[in-house]
Amino acid sequence: MLMLDMDLRLLLQSLIPSLQSVYVLVFYFVYLAVAGQILPGKVIRGVLLSDGSQLRYRCNGLFALTLLVAILGISAKFGIVSPLVVADRGLELLSATFIFCVLVTLALYVTGRSSSDKSSSLKPHVSGNLVHDWWFGIQLNPQFLSIDLKFFFVRAGMMGWLLINLSILAKSVQDGSLSQSMILYQIFCALYILDYFVHEEYMTSTWDIIAERLGFMLVFGDLLWIPFTFSIQACNCGWWLLHNKVELTVPAIVANCFVFLIGYMVFRGANKQKHIFKKNPKTPIWGKPPVVVGGKLLASGYWGIARHCNYLGDLMLALSFSLPCGISSPVPYFYPIYLLILLIWRERRDEVRCAEKYKDIWAEYLRLVPYRILPYVY
């Protein structure tokens, strides 16, 4: 019992943000804000909103990420900053980020409630239920100092995921615990994150950007859940692969690579088809004219296989990130299990919204594409 109390006390103490963890977060957000505004990048018009307006997004995330990694690498070489700062202060950074999420969403709630803007991006949607409005948000695309906060937070979360992974990698090298599993996990995650920024413009036509209002659910998901949950895989307050040695057989490595590649092909292919269709509905898909229901809903390519085929790809990618940890513990599989629950919940909400919006067109679409995520299963 005494040891349990001591462990609990140490855990609680490690959750208290230090000034250093606050400095790290402040530097990170300030850098992203400045880099996002001044670095060159392709300017993309978002989808057409209900009032006819279109937001503009500067897609320079890959440039900003590359520059940031270079700055941190040079700083580590000259002893200005330790590459282990995230790995050593992970729980501090997690709790500091959580506090930031709460403060930001309270500010969004207050400013949203007091807004009289009538545009689609900033028009307040108030249900009267404080918890509901705080959780789901009030405005679609709130801004701060001309920065689109929703786009900014997604970028921060994806970059944060890679930075955490790199710090974990540095610690495993320093500890002499670098393994095949760690290398495989790092490669898969790095490829996924870098691919996201190569195709960052596709984010502008996703459900989160075009339909979800910015509240605690998205802010927490982007800033804390993505970088920390997708990378920590915590067990006994440490990074799972740093404390658990896993030896993979050659067939297991090949199978893991196969899951990653198939997942990537489905995920990226489906999102690319949807993005191109929204830009030009007449663009051929797989060499054939697209099948379009009611002039609005794409029912060919990946979108003719399942109504949310991109979710299947995302789930396979999530599984590939966990497979390098072996099957000795369910802990590393938290991410794919959580993602499965989240995507089924999101898919159900999307189906209700689309049924109300498209009515008879949606019924015809269901007839042509009967499967939700996994053909012949769900």
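In this predicted model, helix H7 comprises 27 residues and spans 38 Å from its first C-alpha to its last, close to the 39 Å expected at 1.5 Å a residue. Of the 27 residues of H7, 21 are buried, so the helix is largely enclosed by the rest of the structure. The residue that follows H7 is Gly-176, whose phi is positive, near 75 degrees.

Two or more lining residues are contributed by each of helix H2 (19-38), helix H3 (61-77), helix H4 (85-88), helix H5 (90-114), H7 (149-175) and helix H10 (216-232). In terms of residue class, the lining of the second largest pocket consists of 24 nonpolar and seven polar residues, with no charged residues.

Three cavities of 30 Å³ or more are found in a search of the whole structure. The second largest cavity has a volume of about 70 Å³. Its lining is formed by Thr-105, Leu-108, Tyr-109, Asp-133, Trp-134, Gly-137, Ile-138, Gln-139, Pro-142, Leu-214, Gly-215 and Phe-216. At least two residues of this lining come from each of H5 and helix H6 (130-136), and H5 provides the largest share, three residues. Seven of the residues lining the second largest cavity are nonpolar, four are polar and one is charged.

Helix H5, which contributes to the linings of both the second largest pocket and the second largest cavity, also contains Cys-101. With a relative accessibility of 0%, Cys-101 counts as buried. Apart from residues up to four places away in sequence, Cys-101 touches Phe-216, Val-219, Phe-220 and Leu-223. One of these contacts, Phe-216, is also among the residues that line the second largest cavity. Between Cys-101 and Trp-135, which are 34 residues apart in sequence, the C-alpha to C-alpha distance is 11 Å.

The side chain of Asn-256 reaches the backbone oxygen of Ser-320 at 3.2 Å. When neighbours within four places in sequence are left aside, the contacts of Asn-256 are Leu-184, Phe-188, Ser-320, Leu-323 and Pro-324.

The C-alpha atoms of Lys-272 and Tyr-202 are 6.9 Å apart, although 70 residues separate the two along the chain. His-275 also lies in H12 and is buried, with a relative accessible area of 3%. A polar contact of 3.3 Å links the side chain of His-275 to that of Glu-201. Beyond its neighbours within four places in sequence, His-275 is in contact with Glu-201, Tyr-202, Thr-204 and Ser-205. In general, an α-helix has 3.6 residues a turn, so residues three or four places apart point the same way.

Most residues other than glycine have a negative phi. Trp-286 is not a glycine, yet its phi is positive, about 55 degrees. This tryptophan is situated in the loop between H12 and strand S7 (292-293), and is exposed, with a relative accessible area of 53%. A positive phi, near 70 degrees, also occurs at Tyr-376, again a residue other than glycine. Tyr-376 belongs to the segment after helix H15 (360-368) and has a relative accessible area of 71%, which classes it as exposed.

Definitions and conventions: Residues are numbered from 1 along each chain as its sequence is written. This is a predicted model: local features need pLDDT of at least 70, side-chain atom pairs count only at pLDDT 80 or more; totals for chains, interfaces and linings use all residues. Side-chain values use heavy atoms; hydrogens and water are left out. Helices (H or I, at least four residues) and strands (E, at least two) are DSSP runs, numbered from the N terminus. Ala, Val, Leu, Ile, Met, Phe, Trp, Tyr, Cys and Pro count as nonpolar, Asp, Glu, Lys and Arg as charged, and the others, Gly among them, as polar. On a 1 Å grid over the protein atoms alone, a cavity is a set of points where a 1.4 Å probe fits but cannot get out, and a pocket is an open set with protein on both sides within 12 Å along at least five of seven lines; lining residues have an atom within 4 Å of a point. Grid points are joined across faces, edges and corners, and a volume is the space filled by probe spheres set on the points. The expected span of a helix is 1.5 Å times one less than its number of residues. Buried means under 20% relative accessible area, exposed over 50%, partly exposed in between (1.4 Å probe, protein chains only). A polar contact is a pair of N or O atoms within 3.5 Å; within protein, one must be able to donate a hydrogen and the other to accept it, and residues adjacent in sequence count only if both atoms are side-chain atoms. Contact means heavy atoms within 4.5 Å.
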